Amino acid sequence: WNALDAMLSASAERGEIELFLADRIWPDATSSPDQGWVDLLAAEHGASSQVLDLRGDPDRSAEIINEWVSDQTEGLIEDLIDPSGLGGSTVLVLTDAIYFEAKWERPFGKYGEVAALFERADGTSVETSYMVERELADLRGSGDGWVAAEIPYRGSDYSMLVVVPDEGRFDEMRDQLALTLITEVDQQMTTGPYQLRLPKWDNKSDIDLLPWLEAIGVAPGSYPLISPPAFLGGAVHAANIAVDETGTIAAAATGLVFGESGPAEPELDVFADQPFLYLIRHRPTGVVLFAGQVMDPTA
């Protein structure tokens, strides 16, 4: 990861691109995560650490975490952590953030914009304005169910890959949007002249990751290096991206909230709130050392 991080940063510098990656762990003041694990995150992922009163003061803790996230994302992600997600069982929060700002290698604008319909997935359409470029000769291609183009940013080390599924096949292509589809696209891409029509967009999204993490078995999980009873009890992701004629500004942040299991639900109530007997005994042998009764504990 360190090697990859260095490569990303070097590529960004060559292309006059702003790229920031940051990780931080936020242990509760009462918890003691395994020091080897903390050192590993620091050494291999550059993760810093800051102790907070997650249990006692969730409001202030969330404020501090959100301020850090906002600083790392140039204000694009402001309220990642909701204080209601912190509290009595929280032992640690893990956050990461990314900020990316880059200009296109070839800015749009020479051919102006054109107005045309955008066909939504539900069959309805909306008129939108498209950026147009007719003199591109970079990577583009087509395959079974898709056409695609790779639009480079300055320096060419970074690019935006745009994959447009055929009508009626969006869900099918999206389900393959992992190594399978990306590999197929890369194999089919060739250089040559092509025309691109791309809308500008500005989108912000907030996602609850917990259901997905539960589905793949990551949550609640077991995280003994945080603490023996630690489990993943909350996971949120926020993203903000703006694309226009000049380039792209994007930021994203993820927060994972780890709690400790509370006591199991009682199957039986034993309330000594009326006269009771007691025995003090040696458990291995059963020898009773004392026997008595309590008729009035205040007497």
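Reader: Is Ser-70 buried or exposed?

Author: In this predicted model, Ser-70 counts as buried, because its relative accessibility is 17% and the cut-off for buried is under 20%.

Reader: Where does Ser-70 lie?

Author: Ser-70 is part of helix α3, which covers residues 58–72.

Reader: And which residues does Ser-70 touch?

Author: Leaving aside residues up to four places away in sequence, Ser-70 touches Gly-75, Ile-77 and Glu-78.

Reader: Let me change topic to the rings. How many aromatic pairs does a search of the whole structure find?

Author: The search finds 7 aromatic pairs. One of them is formed by Phe-20 and Tyr-99, with 5.8 Å from centre to centre and 20° between the planes. That pair is stacked, because planes under 30 degrees apart count as stacked.

Reader: Which parts does the pair of Phe-20 and Tyr-99 tie together?

Author: Phe-20 belongs to strand β1 (residues 18–27) and Tyr-99 to strand β3 (residues 90–103), so the pair ties together parts that are 79 residues apart in sequence.

Reader: Are these two residues buried or partly exposed?

Author: Tyr-99 is buried, with a relative accessible area of 4%. Phe-20, at 35% relative accessibility, counts as partly exposed.

Reader: What about Tyr-223 and Phe-258?

Author: Tyr-223 and Phe-258 form an edge-to-face aromatic pair, with 5.0 Å centre to centre and 70° between the planes. The pair links distant parts of the chain, 35 residues apart. Tyr-223 is in the loop between α6 (210–215) and β12 (230–243), while Phe-258 is in strand β13 (residues 247–260). As for accessibility, Tyr-223 is partly exposed at 21%, and Phe-258 is buried at 4%.

Reader: Which residues do ring pairs link into a cluster?

Author: The cluster consists of Phe-100, Trp-104, Phe-108, Tyr-153 and Tyr-158.

Reader: Now for the strands. What is the order in the open sheet of 4 strands?

Author: The order is β8-β7-β6-β9, and the pairing is antiparallel.

Reader: Which are the edge strands?

Author: They are β8 (159–165) and β9 (190–191), each of which pairs on one side only.

Reader: How many bridges join β7 to β8?

Author: Strand β7 (residues 146–152) is joined to β8 by 7 bridges, and the two strands run antiparallel.

Reader: And what is the bridge partner of Ala-148 in β8?

Author: The partner of Ala-148 there is Val-163.

How values were computed:
Residues are numbered from 1 along each chain as its sequence is written. This is a predicted model: local features need pLDDT of at least 70, side-chain atom pairs count only at pLDDT 80 or more; totals for chains, interfaces and linings use all residues. Side-chain values use heavy atoms; hydrogens and water are left out. Rings of Phe, Tyr and Trp (its six-membered ring) pair if their centres lie within 6.5 Å; planes under 30 degrees apart count as stacked, over 60 as edge-to-face and the rest as tilted. Buried means under 20% relative accessible area, exposed over 50%, partly exposed in between (1.4 Å probe, protein chains only). Contact means heavy atoms within 4.5 Å. Two strands pair if DSSP finds at least two bridges between them.
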